[in-house]
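Reader: I have a structure to study and some questions about its side chains. Can we go through them one at a time?

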Amino acid sequence: MSESKLGFILRRMTTKKEIILHHYPASPYSERVRLFLGYKKATWTSVVTPVTLPKPDQTILTGGYRRAPVLQIGSDIYCDSRLIIEELNRILPEPPISIENADAASANLFAELVDTDIFLKVAKFVMGSYAQKLPQELVDDRAAMQPQEKLTRENMEKLVPYLHLSLSKILPEFAMSLAKKQFFGGEIPARGDFAIYQIFWFLNTIRKFKPLVPGHENLHEWFARMKTFGAGESTLLSAEDALKTAAASSPIPIHSTNVLPEPYDLKAGQEVIVHPENYDHERIFGKLIHLDDERIVLANESPKTGLVHVHFPRLRYLVLPKTF
């Protein structure tokens, strides 16, 4: 949602509140956000979540959303790395990112490809390359996340040769697109640069970045340039204290309870289910308080958190009646 449009809905007070990121070190989507915090030279608070379920402290904040990262600002909870970066860019406008130009548009289109296709290939390649060394609880957890994949160590390993071939053909296209630019966004990075960085960061953790994209020095130099942003300055916070922070805060007032017409005739105040596109077994519950073509906002309340508002991007998330 654009800043001007969102301004009609929410009273913006978050700049006075602590930035809390729920994440874990090996999470590639968390690395995307950590790097963005570094670019913004941000000071933030770190809550390290478990890699696998159960995640009781996180899911009580989110209504069931189990993925990393999650951004918490007071009792407003933001899910999905794209929405998190949009929110961080709003409250941390300096230094700016590249927007509303051809380079930014191209970079952000790459980000969509990363999120809908390329990252999944990279994740399967990384896991398959180390299938025999993965903890069993991680294999079981990821298999439960993707029941349609029939995820076993053997099946992961069988895919590696094909994924290597596929990635070796796809990834050099990034170098061709980057050409001689400093960033995919041009002279400064766009939102898409951070999404693209995520896949090469993950490959770099198993030393497969350069072998898959040999000879493209411009891409390796871009990666090194991005890496220098670091992750800002963070201090640790316990999950219990993060819940106390939520309980001691109030969500940003929503002045519009707008709910656009949906196939299920949803209404403000209705109990609903939100789930990521293509993952309908993952269920997030809450009371629908806002829905438009940019954002979904749910309300949840518990003794540990008080009232929280949970924000999702509209794209790639479906909203259904709770009885569905």
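Reader: Is Lys 267 buried, exposed or partly exposed?
Author: This is a predicted model. Lys 267 has a relative accessibility of 48%.

Reader: Which residue does the side chain of Lys 267 meet in a salt bridge?
Author: The N to O distance of the pair is 3.0 Å. A salt bridge needs these atoms within 4 Å.

Reader: How far apart are the closest N and O atoms of Arg 32 and Asp 115?
Author: The two residues form a salt bridge. The cut-off for that is 4 Å. Their closest N and O atoms are apart by 2.5 Å.

Reader: How many residues apart in sequence are the parts that Arg 32 and Asp 115 tie together?
Author: Arg 32 sits in helix α2, residues 28-39. Asp 115 sits in helix α5, residues 102-129. The pair therefore ties together parts whose separation in sequence is 83 residues.

Reader: Are Arg 32 and Asp 115 buried or exposed?
Author: Buried means under 20% relative accessible area. Arg 32 has 3%. Asp 115 has 18%. So Arg 32 and Asp 115 both count as buried.

Reader: Which residue meets Arg 67 in a salt bridge?
Author: Arg 67 lies in the loop between α3 and β3. Its partner lies in the loop between β6 and β7, so the pair ties together parts that are 215 residues apart in sequence. The N to O distance is 2.8 Å. The partner is Glu 282.

Reader: Where is Thr 49?
Author: Thr 49 is buried, at 7% relative accessible area. Strand β2 covers 43-48 and helix α3 covers 56-62. Thr 49 is in the loop between β2 and α3.

Reader: Which residues does Thr 49 touch, not counting those up to four places away in sequence?
Author: Contact means heavy atoms within 4.5 Å. With sequence neighbours up to four places away left out, Thr 49 touches His 22, His 23, Tyr 24, Lys 55 and Gln 58.

Methods:
Residues are numbered from 1 along each chain as its sequence is written. This is a predicted model: local features need pLDDT of at least 70, side-chain atom pairs count only at pLDDT 80 or more; totals for chains, interfaces and linings use all residues. Side-chain values use heavy atoms; hydrogens and water are left out. Helices (H or I, at least four residues) and strands (E, at least two) are DSSP runs, numbered from the N terminus. Buried means under 20% relative accessible area, exposed over 50%, partly exposed in between (1.4 Å probe, protein chains only).
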